[in-house]
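These notes follow a reading of the model and are set out as numbered points. Please go through them with the structure open beside the text.

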Amino acid sequence: MTERRSERRLVRYFCTAGNGMEHFLADEVKRKLAAEDVCQMPGKVLFSSSVTIVRVSELKAAERLFLLLKQESPVRLSGHTNAAKAASVLQSRLFGDINEWTSAVMTWSHLQGELAGRRTTVNIPSTSLKRRRKKEEGRESEEQRKEEEKCDEELRKSTGEQREEESGVRRGEKMSRETCRVEARTLEKKRKRGDEEDASSDKNVEKQRTSEIEITREDDKEERRVIMEFASYIQSGNKGMISETDLNGRGSVCDHTTPQLDHDVESSSRNMDNMAEDCAVENVEHVKTARGGDKTLLQPSRNKQQQPPSSALVSFRINCKCTGSLSRYLSIQEVSKVIGTGLTRLLGWKADLRNPQLEVNVYLSDDHCLLGIPLTRLPLANRSYIKTTGLRSTVAWAMASLAQIQPGFCVVDPMCGAGIILIEAAQEHKDVCFMAMDNDDGQLQKANENIVFAELGNRIHLLKASSMVLPLPSASVDAVVCDLPFGRKFGTKTNMAANLPLILTEMERVLCFGGTLVLLLSPQLSCLLKKLLAQKGTEPTSNQETELTELQHSPPHPLSSLKHQTTLRVSLGAIDGLIHKYIKTDT
């Protein structure tokens with residue numbers, strides 16, 4: 001397995017990202033995946049990596065993950081081009097090399113097999129542990145039962161002695177002997193019955209374990225059979241089209257196919273043969289490792305590939321986004337029709353809008369032409385460890401990454417809301433103390449539910465407190481990350497514009513020298529913050545004094561120790577937010 005990992009070939013992916021998140025994603029794939037050929041464009045990041053799909057699917061800054069099917073230069077048309085000419089140009093551009101399509105689909109099938117293998121090999125250890133615990137509990141209960149029997153025996157003996165004194169020595173001795181015989185027989189029967197129960201219990205546990213393992217193997221075998229059958233459908237379907245052309249000695253795959261296209265289809269079929277064998281071998285080796293030497297799964301896969309299934313069983317759906325000059329000639333529906341017709345005529349696939357086996361996503365603009373196949377059903381931004389959503393998880397992760405958290409740090413969010421920022425930070429950093437504060441009971445309840453759901457109760461500490469009076473000593477915190485409420489998605493009783501100077505002063509006070517402050521602000525609060533920091537080294541004029549008097553009702557704020565590092569604009573959906581980063585340079 002070590003040799004196979006070292007020989008893994010590079011796979012080309014691309015991820016979508018929110019506006020302003022592209023550079024976060026590009027840095028993440030370089031750092032976590034050792035990615036190569038990283039290309040950043042608006043809303044997307046392209047990269048190549050040889051790591052497993054499981055690690056790729058754990059990216060935090062990405063929205064969705066795709067296998068790159070095709071990357072072309074933008075489709076540029078002259079002003080006098082009609083719709084028919086535009087469709088012809090688009091089809092020739094996308095289907096110039098069929099080998100790219102068949103190779104990409106085989107790679108997609110292999111990656112889906114890896115994801116399916118991860119899902120089906122997790123339950124056996126936990127099930128065995130549960131059985132072991134039940135068996136230990138059974139032993140403990142058996143020991144308790146024996147102790148109770150001993151107590152009963154002693155009680156019977158003491159009762160017998162009392163009866164001896166009352167009825168006489170001889171009668172007492174006789175009864176004592178009879179009692180001992182009866183008790184001896186009873187204990188012997190109980191011991192035999194207990195041994196039989198233990199034996200039957202062990203047999204039942206072993207039988208249940210065997211049946212569960214067989215069921216798991218059958219489910220694993222069925223899932224892998226479906227994936228391999230899907231790959232064989234693609235291979236056999238293409239072979240069927242080529243052999244029909246060769247036997248007739250004339251004609252082509254479709255009416256408009258050129259000799260060069262025939263050559264491409266033949267070469268793609270040969271490539272499919274090789275890749276199908278590799279996929280079958282890798283799948284069987286994976287099952288051997290997970291199940292401990294099951295050799296019976298190789299034969300069904302090969303038998304399926306030898307059968308001539310219909311190519312119509314490969315179903316697909318087109319999801320298209322078209323902008324720029326091309327959208328003036330072809331609508332989204334027309335572009336989808338052009339691509340779908342090409343796939344049906346050249347590869348024999350069948351369109352299915354409701355329940356397709358794979359989906360082809362198409363992005364066409366004046367800057368790029370990308371085609372990809374989604375690798376996960378749900379977006380990567382949908383976190384499985386968050387129960388109640390709040391701030392967008394990708395933005396929360398970006399803020400935590402800007403804080404440059406290190407082991408042993410103390411990190412505080414004085415307006416935590418649902419606790420999303422600290423939960424994202426805790427997923428990345430283990431040996432860190434996190435403190436989440438808020439003055440709203442409802443938000444603290446949501447944060448507590450999320451923390452418990454994410455199993456981080458011993459690492460994130462909740463505290464009800466006001467952000468204007470933090471219950472922390474001065475210079476005691478290494479990083480402060482905070483999403484100041486905009487007042488749009490969640491209401492707030494605090495006038496953020498009026499209290500911003502006091503809130504910033506408290507954050508600055510608790511920060512230690514060299515500490516990091518990361519804030520997410522609305523455009524209005526961002527402008528106000530810039531004004532406040534611009535006035536820190538100058539004497540305010542009369543107009544500025546009047547403005548500050550209207551904005552705050554607190555003593556003068558220093559803010560002189562905060563040094564600006566960067567300001568980034570990110571999309572929050574309906575509106576944009578600005579992430580500010582500062583370093584405390586003086587105490």
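1. Buried is used here for a residue under 20% relative accessible area, exposed for one over 50%, and partly exposed for what lies in between, with a 1.4 Å probe and protein chains only. This is a predicted model, in which local features need pLDDT of at least 70 and side-chain atom pairs count only at pLDDT 80 or more, while totals for chains, interfaces and linings use all residues. Residues are numbered from 1 along each chain as its sequence is written, and side-chain values use heavy atoms, with hydrogens and water left out.

2. Helices (H or I, at least four residues) and strands (E, at least two) are DSSP runs numbered from the N terminus, and two strands pair if DSSP finds at least two bridges between them. On that basis eight strands make an open sheet of mixed pairing, ordered β2-β3-β1-β4-β8-β7-β5-β6. Its edges are β2 (36–41) and β6 (350–351), each of which pairs on one side only. Within the sheet, β1 (residues 11–16) and β3 (residues 44–49) are antiparallel partners over six bridges, and T16 stands opposite K44 of β3.

3. Contact means heavy atoms within 4.5 Å; axes are lines fitted to C-alpha atoms, for helices over the stretch in contact, and angles run from 0 to 180 degrees between N-to-C directions. Helix α4 (residues 83–94) lies across β4 (64–72), β7 (358–364) and β8 (369–374), and runs at about 105 degrees to β4.

4. Rings of Phe, Tyr and Trp (its six-membered ring) pair if their centres lie within 6.5 Å, and planes under 30 degrees apart count as stacked, over 60 as edge-to-face and the rest as tilted. The structure holds six aromatic pairs. In one of them, F14 and F66 have ring centres 4.8 Å apart and planes at 10 degrees, so the pair is stacked; it joins strand β1 to strand β4 across 52 residues of sequence. F14 counts as buried because its relative accessibility is 0%, and F66 likewise at 1%. The rings of F66 and Y363 have centres 6.2 Å apart and planes at 85 degrees, so this pair is edge-to-face, linking β4 with β7 over 297 residues.

5. Helix α10 (residues 332–347) has 16 residues and, at 1.5 Å a residue, should span 22 Å, which agrees with the 22 Å between its end C-alpha atoms; the expected span is 1.5 Å times one less than the number of residues. Its buried residues include V335, I339, L343 and L347. Just after α10, G348 takes a positive phi of about 75 degrees.

6. Helix α11 (residues 393–402) has nine of its 10 residues buried, so it is largely enclosed by the rest of the structure. The cover over these residues includes α2 (22–33), α12 (420–428), β12, β13 (511–521), β14 (562–571) and β15 (576–584).

7. V480 lies in strand β12 (residues 477–483) and is buried, with a relative accessible area of 1%. Residues up to four places away in sequence not being counted, V480 touches V412, P414, M507, V510, L511, T516, L517 and V518. V480 and V510 are 30 residues apart in sequence and 8.8 Å apart in space, C-alpha to C-alpha.
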